[in-house]
Amino acid sequence: MMKITNPKTQDELKYAGLLGLNNAVFCNGHLKANEIELPEHWRKLIDERSITVHLTPVGASQELVVKGVQDNKVLLKHKPGLPVDCYYLVIATLQEGTVEV
């Protein structure tokens with residue numbers, strides 16, 4: 001496990017390794033809105049072009065689609081007339097070299 005101290009908040013961030021072909025981080029949760037707020041410390045930690053999003057709708061098909069990534073948020077499009085209700089998993093590759101958060 002790797003520990004990083006966030007210089008702005010002095011919070012301790014803990015990272016553990018996942019087995020895979022690259023160094024990556026992930027966040028997951030339950031969403032009832034049309035955007036996923038990514039962790040603030042990801043701004044300098046990840047390669048934004050590497051973001052992959054997995055969405056699992058709850059209750060009914062909502063035709064969920066990722067519109068894009070902007071201002072550290074994943075923007076979603078969904079079927080009109082239905083509220084968003086889904087589980088999400090966002091995976092991103094770490095930037096190469098030394099990164100300060």
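Buried residues are those under 20% relative accessible area, exposed residues those over 50%, and partly exposed residues those in between, with a 1.4 Å probe and protein chains only. The structure is a predicted model, in which local features need pLDDT of at least 70, side-chain atom pairs count only at pLDDT 80 or more, and totals for chains, interfaces and linings use all residues. Residues are numbered from 1 along each chain as its sequence is written, and side-chain values use heavy atoms, with hydrogens and water left out.

Helices (H or I, at least four residues) and strands (E, at least two) were taken as DSSP runs, numbered from the N terminus. Two strands were called paired if DSSP finds at least two bridges between them. Strands of a sheet pair through backbone hydrogen bonds, either parallel or antiparallel.

β5 and β8 pair in the antiparallel sense over six bridges. Leu55 stands opposite Tyr88 in β8.

Another open sheet has three strands in the order β4-β7-β6, and its pairing is antiparallel. Here β4 and β6 (65–70) stand at the edges with a single partner strand each, so one side of each has no neighbour in the sheet. Neighbouring strands of this sheet are turned by 20° against each other on average, direction ignored. β6 and β7 pair in the antiparallel sense over five bridges. Val66 stands opposite Leu76 in β7.

Charged side chains were examined next. Side chains of opposite charge can pair when their charged atoms come close. A salt bridge was defined as a side-chain nitrogen of Lys or Arg within 4 Å of a carboxyl oxygen of Asp or Glu. The count comes to four salt bridges by this rule. One of them joins Lys73 and Glu35, at 3.3 Å from N to O. Lys73 lies in strand β7 (residues 73–77) and Glu35 in strand β4 (residues 35–37), so this pair ties together parts that are 38 residues apart in sequence. Lys73 is partly exposed, at 25% relative accessible area. Glu35 is also partly exposed, at 31% relative accessibility.

Arg43 forms a salt bridge with Glu40, and the closest N and O atoms are 2.8 Å apart. Arg43 counts as partly exposed at 46% relative accessibility. Glu40 is partly exposed, with a relative accessible area of 49%. A salt bridge also links Arg49 to Asp47, with the closest N and O atoms 3.1 Å apart. Arg49 is exposed at 76% relative accessibility, whereas Asp47 is partly exposed at 24%.

Asp85 sits in the loop between β7 and β8 (86–93). This residue is buried yet has no salt bridge. Lys32 is the nearest side chain of opposite charge, 4.2 Å away. The side chain of Asp85 does make a polar contact with the side chain of His30, at 2.6 Å. A polar contact is a pair of N or O atoms within 3.5 Å; within protein, one must be able to donate a hydrogen and the other to accept it, and residues adjacent in sequence count only if both atoms are side-chain atoms. Contact in general means heavy atoms within 4.5 Å. Beyond its neighbours within four places in sequence, Asp85 is in contact with residues including Leu31, Thr56, Pro57 and Gln62.

Two further residues lie in the loop between α1 and β5. Ser50 touches Ile91, Ala92 and Thr93, not counting residues up to four places away in sequence. Ile51 belongs to the loop between α1 and β5 and counts as buried at 16% relative accessibility. The C-alpha atoms of Ile51 and Ile91 are separated by 5.7 Å, although the two residues are 40 residues apart along the chain. With residues up to four places away in sequence left out, Ile51 touches Leu38, Ile46, Val69, Val90, Ile91 and Ala92.

Note on methods
Lys and Arg count as positive and Asp and Glu as negative; His and the chain ends are not counted. Axes are lines fitted to C-alpha atoms, for helices over the stretch in contact, and angles run from 0 to 180 degrees between N-to-C directions.
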